[in-house]
Amino acid sequence: MAPNDSAGTTGNAADEVTGTTVGRRKAARYIVPVAVAGVAAATIGLVPALADTGDPDLPEITAQQLIEKIAASDTEQLSGTVKISTDLGIPSLGGIAGLALPGGGDGPQGGSSADPQQKLTELASGTHTLRVAADGPDKQRVSILDSAAEYSVIRNGDQVWAYDSKSNEAYHATEDKASGRAEEHDGARASQGVPATPKAFAEEALKMAGPTTSVTVDGTAQVAGRDAYKLVIKPRQGGSTIGAITVAVDAKNGVPLKFTLSPSSGGKAAVDAGFTSVDFGAPAASSFTFTPPKGAKVTEADEAKAEKKAGKQAPDFTVPGGPAGLDELAGGKGVKVIGEGWSAIAEIEAPGGKAVPTSPKSGDAPPAAQEFLDSFGDKVTGKFGSGTVFRTRLVNALVTDDGKVYVGLVTKDELVRAADNAA
């Protein structure tokens, strides 16, 4: 059945059904060029379209009712296999993780290969098979399966372990509940800001939705042998790199089973994550226990942080200026948001007003990192002067020669227009 735009509900309805998780988010980190605008609207515009008849044949449901079903889902136990395919239009991140993440890099100065912040960047490109398990809010496990190795993140209460069988290295952290660090090692995310299940991806998509968004139900599907409704999220605005997001929601328990993000430029999905098998029974207790194998090198999280603070690990080449510059941006200093919703653009003043170097001659970026950046950069000019647009299929960033950065889930033309208007 076609959506009836004239029957849309107010945006406040979504706050009631999704709770504070759909509220405004703090901008966390701006990584050039693989950056995220960090802008989330406070409400969600709903179009009460009914599900089309299809296979399977399910009762009609509105988009608002389906979102309520997701929010009300009390499923806390599951296990299964998830396939994630990601095509952001950038080279594989496995080989450059050491350049892109704090404490990364090869060799003894590069930290532990089992550190989730480094290892799980591999999910940002290529196709991966994950085995997941959860038993309540304090027990989760996510394992990345390889042909000859396995990498796992296990959370059991306040204890978090990560283990890389290929290098026989383990990483251990004790969760500080008082500081609210629970989300850092959520089994659905596996690490900071790294979604690993369709539910986690869907939650991020709903956070970004707002009055500038069309949300409809578009038919039914079967995923991993389960009947599901298809929730479709689309920007109402032009200029976004996101074409549509489709979430297959379990018709019985409201758990998202599959997440597909299609770019506005067309082609294959940028992100496609879905269960290939799923069981909503209680996983074996042994799934959440871990003892480092004999001979394994164990890195304690607190020790790794202390080493980094003391300068014993490799420098952070995330952006010129290192972690201090990122922390300033995360706190909102020098950041201005242009527009709203899917077309929002973050305008960032470089820390200290310094221009962002675009040449390895500056000495602020290693040649390998500079070559990586140049591989998907376009020179542009306008009223603002000149600069370089670093492009992916979703996130684009314009770095001007005078030290400003414009970044968002928008096209190159939108970034240039924003810079011109600000000039």
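## Terms and basis of the model

A residue is called buried when its relative accessible area is under 20%, exposed when that area is over 50%, and partly exposed in between, as judged with a 1.4 Å probe on protein chains only. By this scale Glu150 is partly exposed, because its relative accessible area is 26%.

The structure is a predicted model, in which local features need pLDDT of at least 70 and side-chain atom pairs count only at pLDDT 80 or more, while totals for chains, interfaces and linings use all residues. Residues are numbered from 1 along each chain as its sequence is written, and side-chain values use heavy atoms, with hydrogens and water left out.

## Nonpolar cores

A nonpolar core is a set of buried Ala, Val, Leu, Ile, Met, Phe, Trp, Tyr and Cys residues joined through side-chain atoms within 4.5 Å. The largest one here holds 62 residues, and those with the most contacts inside it are Leu130, Leu231, Ile245, Phe259, Leu261 and Leu394. Strand E9 (residues 242-250) supplies the largest share of this core, five residues; strands (E, at least two residues) and helices (H or I, at least four) are DSSP runs, numbered from the N terminus. Apart from this core lies another, of 11 residues, including Ile345, Leu398, Leu415 and Val416.

Not counting residues up to four places away in sequence, Leu231 touches Ala63, Leu66, Ile67, Ile70, Val215, Thr216, Val217, Ile245, Thr246 and Val247.

## Strand E4 and its neighbours

Strand E4 (residues 150-156) is largely enclosed by the rest of the structure, because five of its seven residues are buried. Two strands are taken to pair if DSSP finds at least two bridges between them. Strand E3 (residues 139-145) runs antiparallel to E4 and is joined to it by seven bridges, with Ile154 in E4 as the bridge partner of Arg141; a hairpin connects E3 to E4 through four residues.

Six bridges join E4 to strand E5 (residues 159-164), again in an antiparallel arrangement, and here Tyr151 has Asp164 in E5 as its bridge partner. The hairpin of E4 and E5 has two residues between the strands, and in this hairpin Gly157 takes a positive phi near 65 degrees.

## Salt bridges

A salt bridge is a side-chain nitrogen of Lys or Arg within 4 Å of a carboxyl oxygen of Asp or Glu, and a search of the whole structure finds 10 of them. One of these joins the side chains of Arg131 and Glu150 (3.1 Å, N to O). Arg131 lies in strand E2 (residues 126-135) and Glu150 in strand E4, so the pair ties together parts that are 19 residues apart in sequence.

Strand E4 also contributes Arg155, whose side chain meets that of Glu175 in a salt bridge (3.2 Å, N to O). Arg155 is buried, with a relative accessible area of 4%, and Glu175 likewise counts as buried, at 6%. Asp138, Arg155 and Glu175 are linked in a network of salt bridges.

## The segment after helix H9

Ala423 is placed in the segment after helix H9 (412-422), and at 66% relative accessibility this residue counts as exposed. Ala423 touches Lys383 and Phe384, not counting residues up to four places away in sequence. Although Ala423 and Lys383 are 40 residues apart in sequence, they are 6.4 Å apart in space, C-alpha to C-alpha.

How values were computed: Contact = heavy atoms within 4.5 Å.
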